[in-house]
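Please keep the coordinates open while reading.

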Amino acid sequence: MTAPLLDVRGLRKFFPIAKGMMRRVTGQVRAVDDVSFTVREGEALGLVGESGCGKTTTARCILRAIDPTEGQILYRMRDDAIVDLAPMSAADLGPLRKDIQMIFQDPFGSLNPRMTLFDNVGEPLLVHGMRSRRERMDRVAELLRLVGLRPEFMHRFPHAFSGGQRQRIGIARALATGPRLVVADEPVSALDVSVQAQVLNLLLELQTRLGLTFLFVAHDLSVVRHICDRVAVMYVGQLVELAPTDAVFRRPRHPYTAALMRAVPVPDPRVSGADAILKGEVPSPASPPSGCYFHPRCRFAEERCQREAPVLQEVAPGHFARCHFAAQLELGVAQTV
Amino acid sequence: MPPIPTVTEPLLSVRDLRVSFRLDEGTVRAVDGVSFDVFPGQVVGIVGESGCGKSVTMRAILQLIDPPGRITSGEILYRQDATPIDLTRLPPRGRSMRDLRGAEIALIPQEPMAAFSPVHTVGSQIIEAIMLHERCGREQARAATVELFRDVGISMPEQRIDAYSWQLSGGLRQRAMIAMALSCKPRLLIADEPTTAIDVTTQAQILALLRELQRKYDTAIIFITHDLGVIAQMANYVVVMYLGRIMEEGPVDEIFHAPLHPYTKALLRSIPSLNSETRTALPVIAGTLPHPFNRPSGCPFHPRCEDIIAGCCATAVPALHTLGPRRAVSCFLHSDAAEPA
Amino acid sequence: MSDVQTIPVAAAVAEERIAVASNWKLVWWRFRRHHLAMISAGLLICLYLVVLCPDFFSTQDPERTDARQAFIPVQMLHLFDDGSLNPWVPSIVGKRNPVTLRMEWTTDPRRRVHVGFFTRGKPYQLFGLFPANIHLLGAVDPGQRIFLLGSDRLGRDQWSRIMHGTQTSMTVGLVAVTLSVIFGVVLGGISGYFGGMIDLVIQRLIELLQSVPTIPIWLALSAALPRDWTPIQVFFAITVILSLIGWTTLAREVRGRFLALREEDFVLAARLAGCGRMRIILRHMVPTFLSHIIATSSLAIPVMIINETSLSFLGLGIRPPAISWGVLLQEAQNIQTLALAPWLLIPGLIVIVAVLAFNLVGDGLRDASDPYSH
């Protein structure tokens, strides 16, 4: 087996808390705290959690939109050479940007409103050396067709398009340079229900057709279930569970994952979701609880959980969970009609 | 068990409400002939996508439509006493409307941060509201507020009452907002996407709280959301809207298990669920939501409809046809009734 | 996916027009709806026409003195004579009051001084290049003088002086703002984009400059100007002094915009696409706040005009023989003049109108400058 396309090892991102006139650092927000996972070529990995869990920070570290505090981001290049993205300078990253692209959440803010579709979508091409305007026009037309937009729209400005169409434009731009890894940060959560499915289907189709590798950041579990091969669940800056999608949804091994699933309102009035509601609130990553970060809200918590921080352990082949009792707990999510 | 009144009058009846916004680019008919009833102690869910007119309907009920928006026709009958009053006839800034807002009809907004003043404690704002509406002393109002905070599940209410809104987490803030909305024991609560800005686990808590309070105080709720899951869990009765018109309305179970309108059917099919098969294409609704200035002629949904009847749907607007008690649909598949041109 | 919508043809054309409309077109469409701003813009264009060629709009030489024609009141311009277009002003008769020994002027409506358009008069250089002697307005009889806005204590024609004052004052405003924009955008941009230590230094510098009381600084700087400088040199010195202090607010604004823009998704998208720093600044950031900068500068021009007027009024700015609105207002400094020759306050009126016009245009531009906020 070849090495994974992306191998994140011990990734940490701390944000200093500065106070007072002299901006003295009084503490650290541990936004991402020792996160490790791999993404295989051609797979879609979902990164799931609630706001503030560090999923977006993790994604942005991988894209090197922000600089990680610690850890390695090993990326396997086209010639199978492995490079660490974490310490790279902006100049060294330049050529690699072609391979790693991003799809944004907000379809309105992510396109430059003062540039036409041609300029928006064609910019990565220009930057990566496609100088001829004719050539770029052809490629942009091809990309627009690929995402289901008419090539004649090329000379329009983004304000002429609806949210769903803009998201397609954003996808076209991300695919312009023929990337291998696409990081999608909540690509459908800002869209209307009737448009969401279209964009999800498009992403699925493009992934299969172009052999893309996806890192899919989302808070919506049903979307993740739909699109991802594997799921990584984060809580307060840590990975709490990592497993194939079907395995997670069939039998989650971490109580938080199970609670997250039960919290999703079921679009069926005959199924009551009122049974197991998680108590309390997500702790702040600046002052997480002792032991297992989840213990104050966990209904299975024992004395040990308060004292001893659990490690990510493999409970079944390819199924990891950060819980002392991962092997014993029966957490099947009964959502039957 | 309390006796169930045999014949109940609706607390609120919206009759053929039309709201339009006159802008330089043209007139937007944001709400175009909407009718529904809210009975005491019932939760009516209004569901729809952006631009469907659900929020404008809510603002019309509260008489909070600002120019260039205008209620062009229709009635909003509110039954405070035996005789209903038409809210559209009350001056929006007048005394009587102000007394109704807050005391009789309260609002839980989507973003509670904006609803609280950053320079006053959350408690003080609720205390003032109670003092104003109940005409009681500060001490009494404070005690009532602590009680309310306890009711909405805020731990350490005596301390939290003196906190500022920005010191509270999103979930706590929304709880405080609910406490504020409930402070004058309204008979009708309008919840405008109350959980859209918060996380799933907190959303589950807030939804459970709203259900519990609704049962306890027997308040009627108009619950506005775009999330079909939330509507299924919260509402007794559902109104499905699209581009300012009601597509169909009915009891929650019928809407989810026996939908009549092609839009409702398509919408239900297209949402990904936790039980769906991994990595398979979802059924979709073709096309995009039209821009409000480019409303399609005829039935607003016809350009995206799979069951379009040629020569009919594109020209005439189907009327909201009543099929039975509290069940109505506006679609030519179910009735030939059209809106007068 | 296609938009299967039955849009009427006209609407489709309109939609297409909007779809391909660039930012500037959208700004213009929105600005156009702002009627007051449009009227003010027209007024400003007129004022700048005067700036281009004040001599053409003057009726006579602004420097021509005549002690016997001091303090002549406004001569009303009448356009029609006996029902046909034939402009005239009433003739003025002076009589010395035997008690106060002051000249008292009365109009004699029976005697008319006819006024013509495009009359020949005092020769001048058009744009400083071409010799010309055509004036927009002037007495038909070259021997007559007309005082459309009265005359001052030396018998100089106020109308012509205002025309020349307009040139100086409006140019000072424009040049000073241009200079502050250059300082402000460059320093603010550096501050906002690079951040860190550079930002800290520039911010402290701005705070320092803003905390210095401006009037004494102007006084000191203007007083330091050598007395033997020509009016042109003084003029440029004054504009530089005005802009040295004026750039700080703009720099703050630019820095704020830069900081906000750095967080915008589309800027991050450009970075992730591999764009270099200069490309991000020039292609993405600058165009985004350019319209804001224009709006802010048009609001800064009137401030500069007022500053120049105040300085000159105090005798510290532009000095006679150069003419500016402030210099003209110097004539109205004592109560006596005010009582006897209130028309000497007309330059003040012009200042108010010009400042209002700039503010209205600036407001209109500011409202129109972000066509995407809806």
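**Confidence**

This is a predicted model. The predictor assigns the complex an ipTM of 0.87 and a pTM of 0.82. Chain C has a mean pLDDT of 78, with 94% of its residues at 70 or more. Helix 1 (residues 9-19) of chain C has the lowest mean pLDDT among the elements of that chain, at 61. Helix 9 (residues 265-272) of chain C has the highest, at 90. Over residues 1-10 of chain C, pLDDT stays under 50. For that stretch the model has 17 contacts beyond four places in sequence.

**Overall form of chain B**

Chain B contains 11 helices and 12 strands. Along the principal axes, the C-alpha atoms of chain B fill a box of roughly 70 × 50 × 50 Å. Of the 341 residues in chain B, 47% are buried. Take the contacts in chain B between residues at least 6 apart in sequence: 60% of them join residues at least 24 apart.

**The four-stranded sheet of chain B**

One open sheet of chain B has 4 strands in the order 2-1-4-5, and its pairing is antiparallel. Strand 2 (26-38) and strand 5 (85-86) of chain B are its edge strands, each pairing on one side only. Strand 1 (residues 12-23) and strand 2 of chain B pair in the antiparallel sense over 10 bridges. B:Ser20 has B:Arg29, in strand 2 of chain B, as its bridge partner. Helix 1 (residues 54-61) of chain B lies across strand 1, strand 2 and strand 4 (69-78) of chain B. That helix runs at about 70° to strand 2 of chain B. The loop between helix 1 and strand 4 of chain B holds B:Pro68. A cis peptide bond joins B:Pro67 and B:Pro68, with omega about 5°.

**The eight-stranded sheet of chain B**

Another open sheet of chain B is formed by 8 strands in the order 6-7-8-3-9-10-12-11, with mixed pairing. Its edge strands are strand 6 (105-108) and strand 11 (321-324) of chain B. Direction ignored, neighbouring strands of this sheet are turned by 20° against each other on average. Strand 10 (residues 245-251) and strand 12 (residues 327-329) of chain B pair in the antiparallel sense over 2 bridges. There, B:Glu248 has B:Val329 in strand 12 of chain B as its bridge partner.

**Positive phi in loops**

Two loop residues of chain B deserve a look. B:Lys185 sits in the loop between helix 7 (170-182) and strand 7 (188-192) of chain B. B:Arg326 sits in the loop between strand 11 and strand 12 of chain B. Each is a residue other than glycine with a positive phi.

| Residue | Phi | C-beta neighbours inside 10 Å |
|---|---|---|
| B:Lys185 | near 50° | 13 |
| B:Arg326 | near 60° | 16 |

B:Lys185 counts as partly exposed because it has 13 C-beta neighbours inside 10 Å. B:Arg326, with 16 such neighbours, also counts as partly exposed.

**A hairpin in chain C**

Strand 1 (residues 78-81) and strand 2 (residues 84-96) of chain C pair in the antiparallel sense over 3 bridges. C:Phe80 has C:Leu85, in strand 2 of chain C, as its bridge partner. The hairpin has 2 residues between the strands. In this hairpin C:Asp82 takes a positive phi near 55°.

**Chain contacts**

Which chain B helix gives the most to the side that touches chain A? First, the extent: 40 residues of chain B are in contact with 41 residues of chain A. Helix 8 (200-217), helix 9 (228-234), helix 10 (252-257) and helix 11 (262-270) of chain B each supply at least two residues of that side of chain B. Helix 8 of chain B gives the most, with 8 residues. By class, this side of chain B has 19 nonpolar, 16 polar and 5 charged residues.

The contact between chain A and chain C takes 26 residues from chain A and 22 residues from chain C. Strand 6 (100-103) and helix 3 (117-127) of chain A each give two or more residues to the side of chain A that touches chain C. Helix 3 of chain A gives the most, with 3 residues. The residues on this side of chain A divide into 10 nonpolar, 10 polar and 6 charged.

Technical notes: Residues are numbered from 1 along each chain as its sequence is written. Chains are lettered from A and ligands numbered from 1 in the order in which they are written. This is a predicted model: local features need pLDDT of at least 70, side-chain atom pairs count only at pLDDT 80 or more; totals for chains, interfaces and linings use all residues. A residue is buried if 20 or more other C-beta atoms lie within 10 Å of its own, exposed if 12 or fewer, and partly exposed in between; C-beta atoms are placed from the backbone. Two residues are in contact if their C-beta atoms, placed from the backbone, lie within 7 Å. pLDDT is the predictor's confidence in each residue, from 0 to 100. Ala, Val, Leu, Ile, Met, Phe, Trp, Tyr, Cys and Pro count as nonpolar, Asp, Glu, Lys and Arg as charged, and the others, Gly among them, as polar. Two strands pair if DSSP finds at least two bridges between them. Axes are lines fitted to C-alpha atoms, for helices over the stretch in contact, and angles run from 0 to 180 degrees between N-to-C directions.
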